[in-house]
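The following note was prepared for a colleague who wishes to read the model alongside its sequence. It is set out as numbered points.

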Amino acid sequence: MGKPTGFLELDRADRAYRPVDERLSHYKEFVEPLSEAEVQAQGARCMDCGIPFCHNGCPVNNQIPDWNDLVYDGQWQKALLNLHSTNNFPEFTGRICPAPCEESCVLNINDDAVAIKTIECAIIDKGFENGWVKPEVPDTKTGKRVAIVGSGPAGMAAAQQLVRAGHNVVLFEKESRIGGLLRYGIPDFKMEKHLIDRRMEQMAAEGVEFRTNVNIGVDIKAADLVAEFDAVALTGGAEFPRDLPVTGRDLDGLHFAMEFLPQQNKRNAGDTIPDDISIRADGKKVLVIGGGDTGSDCIGTSNRHGAISVTQLEIMPEPPETEDKQLVWPDWPIKMRTSSSHQEGAERHFAASTMEFKGENGKVKQATISEVEWTAQGPKPIAGTEKTVDCDLVLLAMGFTGPVQDGMVTELGLDLDPRGNVFADDFSYKTSMDKVYTAGDMRRGQSLVVWAIREGRQCARAIDLELMGATELPR
């Protein structure tokens with residue numbers, strides 16, 4: 001390493017947030033980047049640990065110590081080349097990845113991990129600022145045609161890898177814009193969408209053809225697509241939301257998170273949401289059910305709308321503030337995680353379950369909740385702990401149960417795994433139908449953007465190997 005004693009001499013420093021009052025007034029990103037010198041100093045903290053556990057913590061196997069060292073030495077362009085060798089879209093992961101690499105960092109044994117995510121984001125942002133990110137057009141074309149269905153991070157990664165291998169790639173998206181949940185699920189204040197647009201420009205220059213407003217299985221028969229192309233990759237995500245079948249579920253004012261969040265992103269993009277379907281939190285008492293990232297996104301969006309109050313329920317017990325490193329490191333720990341949206345204002349309840357909703361004139365007004373204890377059979381309500389929570393907007397953010405099966409999946413008759421995902425192994429990525437592959441959340445279930453990028457890259461390699469008999473694409 002360029003600075004063997006850096007971790008002894010320098011403290012961890014990370015990006016800061018703009019003040020709450022300021023950032024609640026807009027939907028722009030509010031993270032303040034470190035200066036170039038500060039990022040280089042953080043790169044110097046990467047120790048010569050011998051076994052870089054961060055490699056295993058990172059789903060795309062970023063060569064983290066290598067580009068940390070390059071950043072410390074001021075070799076930013078080489079750092080960018082190294083970073084892109086494993087990750088097509090570090091500007092996405094550098095903003096929204098929960099950074100399992102940092103949990104696996106050897107320095108995290110002392111709660112002092114290298115600021116890997118911040119360094120990653122600084123590398124790619126500097127790359128775009130200096131014009132180093134350019135289209136990589138293949139020297140030769142194979143003549144093979146590949147269709148990618150679903151334009152989230154898995155589909156985008158697969159498309160870019162395949163077009164660089166010389167194939168003719170068409171990326172289909174049912175919505176009006178490319179990006180999947182990156183575009184419509186993740187709020188702009190966490191990741192602005194011009195980041196997707198500039199990647200699209202690069203991919204288009206490389207030869208990817210984008211077709212939006214095309215729902216395969218509805219607008220075009222999936223079988224016709226399979227017949228037309230040499231290979232088809234299904235990367236449509238896990239969009240089927242987990243519901244809450246309790247008394248009062250049919251009252252007005254209850255919505256899935258993915259009915260609520262995309263609307264605000266569309267407003268920010270200039271779209272008009274008709275009044276009769278518009279969902280807003282202005283002047284409302286909001287109840288968010290679900291304690292994960294999607295629930296957090298609902299909190300941040302509701303507060304920007306001007307909600308009177310926001311309450312969040314999590315069915316799992318309240319986790320400890322810090323984990324026992326000796327038991328869990330270098331794996332991902334269960335510990336209290338407070339997001340920027342939580343800091344903006346929300347009352348959080350753990351080990352809490354919703355028993356019923358009550359309303360007036362057909363509109364939700366209250367939720368009855370209960371504390372739960374966890375047994376071998378799952379959560380069990382504790383008698384006598386019931387209480388009511390006032391609410392006139394309820395957002396269900398309890399995760400997703402798998403891909404939507406109606407349409408494309410059912411039409412092709414694809415085999416499913418026991419959880420309802422499209423079945424394929426993680427080497428060949430082949431489904432039960434010839435020429436058809438699957439990757440991302442559609443194959444593995446609800447997961448992280450970084451896992452989707454990994455799967456898209458690996459699926460592209462599998463397709464290239466099958467079509468050509470050999471491949472130079474990395475796994």
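The points below go from the whole chain to single residues.

1. The model is a predicted one. Its protein chain contains 20 helices and 18 strands. The radius of gyration is 23 Å, close to the 23 Å that the globule rule gives for 475 residues, so the chain is as compact as a globular protein of that length. Along the principal axes, the C-alpha trace spans about 65 × 60 × 45 Å.

2. Of the 475 residues in the protein chain, 52% are buried. Among contacts with a separation of 6 or more, 68% are made by residues 24 or more positions apart. The accessible surface of the chain comes to about 21100 Å², and carbon and sulfur atoms account for 48% of that surface.

3. As to charge, the chain carries 51 positive and 73 negative side chains. The centres of these two sets lie 2 Å apart.

4. Helix α3 covers residues 36-44, and its buried residues are Val-39, Gln-40, Gln-42, Gly-43 and Ala-44. What do the buried residues of α3 pack against? Their partners are α1 (6-9), α5 (64-72), α6 (76-84) and α9 (116-129).

5. Asn-303 touches Leu-24, Val-310, Ser-341, Glu-344 and Gly-345.

6. Phe-53 and Trp-329 form an aromatic pair that is edge-to-face, with a centre-to-centre distance of 4.8 Å and 65 degrees between the planes. Phe-53 lies in helix α4 (residues 53-57) and Trp-329 in the loop between α16 (325-328) and α17 (340-343); the pair therefore ties together parts that are 276 residues apart in sequence. Phe-53 is partly exposed, its relative accessible area being 26%.

7. Trp-329 also takes part in a backbone feature: the peptide bond from Trp-329 to Pro-330 is cis, with omega near 10 degrees. Pro-330 is found in the loop between α16 and α17, which is the loop that holds Trp-329.

8. Which phi values call for a check in residues other than glycine? Asp-111 has a positive phi, near 55 degrees. Its place is the loop between α8 (100-104) and α9, and at 48% relative accessibility Asp-111 counts as partly exposed. Lys-435 likewise has a positive phi, of about 75 degrees, although it is not a glycine. Lys-435 lies in the loop between α18 (408-412) and β18 (436-438) and is partly exposed, with a relative accessible area of 27%.

9. Where is Ala-376 found? Ala-376 sits in the loop between β13 (363-375) and β14 (378-381). It counts as exposed, at 80% relative accessibility. Ala-376 and Leu-393 are 17 residues apart along the chain, and their C-alpha atoms are separated by 33 Å.

Terms used
Residues are numbered from 1 along each chain as its sequence is written. This is a predicted model: local features need pLDDT of at least 70, side-chain atom pairs count only at pLDDT 80 or more; totals for chains, interfaces and linings use all residues. Side-chain values use heavy atoms; hydrogens and water are left out. Helices (H or I, at least four residues) and strands (E, at least two) are DSSP runs, numbered from the N terminus. The radius of gyration is taken over C-alpha atoms; the globule rule is 2.2 Å times the number of residues to the power 0.38. Buried means under 20% relative accessible area, exposed over 50%, partly exposed in between (1.4 Å probe, protein chains only). Contact means heavy atoms within 4.5 Å. Accessible areas come from the Shrake-Rupley method with a 1.4 Å probe; for residues, only the protein chains shown count as cover. Lys and Arg count as positive and Asp and Glu as negative; His and the chain ends are not counted. The place of a charge is taken as NZ of Lys, CZ of Arg, CG of Asp or CD of Glu. Rings of Phe, Tyr and Trp (its six-membered ring) pair if their centres lie within 6.5 Å; planes under 30 degrees apart count as stacked, over 60 as edge-to-face and the rest as tilted. Lists of a residue's contacts leave out its neighbours within four places in sequence.
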